[in-house]
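Hi everyone, thanks for making the time.

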Amino acid sequence: HPDTHDPGHALRPVRQDAGADHPAGGSPIYSVTQTPLGTTLTDGVNGRIWRSESVWSGWKRAWGVDTTGMQLNRIVCFQDGRVVVVGHRGTILVSYDDGQSFVQMEHGITELLGINLETAFAFGSYVLVGGSRGVMLALR
């Protein structure tokens, strides 16, 4: 087991406060990922997607889609750098620019509007998405 007194193995808080300048604005963070370019991204309730190129500072909110009030549950990266965020009411967002901006994926599956997409996992050239009512999707 690693020496827990070694700073290289110790748990280190990135942010401890829950104030307005906190990456999630005081809201829960549901997932964190890192892109192939090294950008750290987080998502959570109230539709907030935050990015930082250093993880320790410089957090900025991603833009492109009005995600106000959405619950975003999972953020993952494809090997080619695309970023996918899934959430309630069938929400699927995609970024093609290292998480700087997102667009709503137009999937055309009206049944997904009543489904909460809860999890996603990058698996080779696919992202597998799971949700309520046993829904499973594969994105390429």
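**The chain as a whole**

Among contacts in the chain between residues at least 6 apart in sequence, 39% join residues at least 24 apart; contact here means heavy atoms within 4.5 Å. Before we go on, please keep in mind that this is a predicted model: local features need pLDDT of at least 70, side-chain atom pairs count only at pLDDT 80 or more, and totals for chains, interfaces and linings use all residues. Residues are numbered from 1 along each chain as its sequence is written, and side-chain values use heavy atoms, with hydrogens and water left out.

What does the secondary structure come to? The chain has zero helices and 11 strands. By definition, helices (H or I, at least four residues) and strands (E, at least two) are DSSP runs, numbered from the N terminus. Reading along the sequence, you get the pattern β-β-β-β-β-β-β-β-β-β-β.

Of the 140 residues of the chain, 40% count as buried. Buried means under 20% relative accessible area, exposed means over 50%, and partly exposed is in between, with a 1.4 Å probe and protein chains only. The chain exposes about 8200 Å², and carbon and sulfur atoms supply 54% of that. Those areas come from the Shrake-Rupley method with a 1.4 Å probe; for residues, only the protein chains shown count as cover.

**Two open sheets**

Now to the sheets. Strands of a sheet pair through backbone hydrogen bonds, either parallel or antiparallel. Two strands count as paired if DSSP finds at least two bridges between them.

Strand β7 (residues 92-95) and β8 pair in the antiparallel sense over two bridges, and Val94 stands opposite Val103 in β8.

Another open sheet is formed by three strands in the order β9-β10-β11, and its pairing is antiparallel. Here β9 (117-123) and β11 (136-139) stand at the edges with a single partner strand each, so one side of each is left without a neighbour in the sheet. Neighbouring strands of this sheet are turned by 20° against each other on average, direction ignored. For that angle, axes are lines fitted to C-alpha atoms, for helices over the stretch in contact, and angles run from 0 to 180 degrees between N-to-C directions.

Six bridges link β9 and strand β10 (residues 126-131) in the antiparallel sense, with Thr119 opposite Gly130 in β10. Then β10 and β11 run antiparallel and are joined by four bridges, and Val127 stands opposite Leu139 in β11. The hairpin of these two strands has four residues between them, and Arg133 takes a positive phi near 60° there. Which residues lie on the covered face of β11? Leu137 and Leu139 do, while Met136 and Ala138 make up the uncovered face.

**A look at Asn73**

Let's zoom in on one residue.

Not counting residues up to four places away in sequence, Asn73 touches residues including Tyr30, Asp43, His88 and Leu117.

**Salt bridges**

How many salt bridges does a search of the whole structure find? Three, where a salt bridge is a side-chain nitrogen of Lys or Arg within 4 Å of a carboxyl oxygen of Asp or Glu.

Glu53 and Arg51 meet through their side chains at 3.5 Å, N to O. Glu53 is exposed at 61% relative accessible area, whereas Arg51 is buried at 9%. Asp98 also forms a salt bridge with Arg51, the closest N and O atoms being 3.3 Å apart. Asp98 lies in the loop between β7 and β8 and Arg51 in strand β3 (residues 49-52), so this pair ties together parts that are 47 residues apart in sequence. Asp98 counts as buried at 12% relative accessibility. Through shared partners, salt bridges join Arg51, Glu53 and Asp98 into one network.

Finally, Asp80 forms a salt bridge with Arg82, with the closest N and O atoms 3.0 Å apart, and Asp80 is exposed at 55% relative accessible area.
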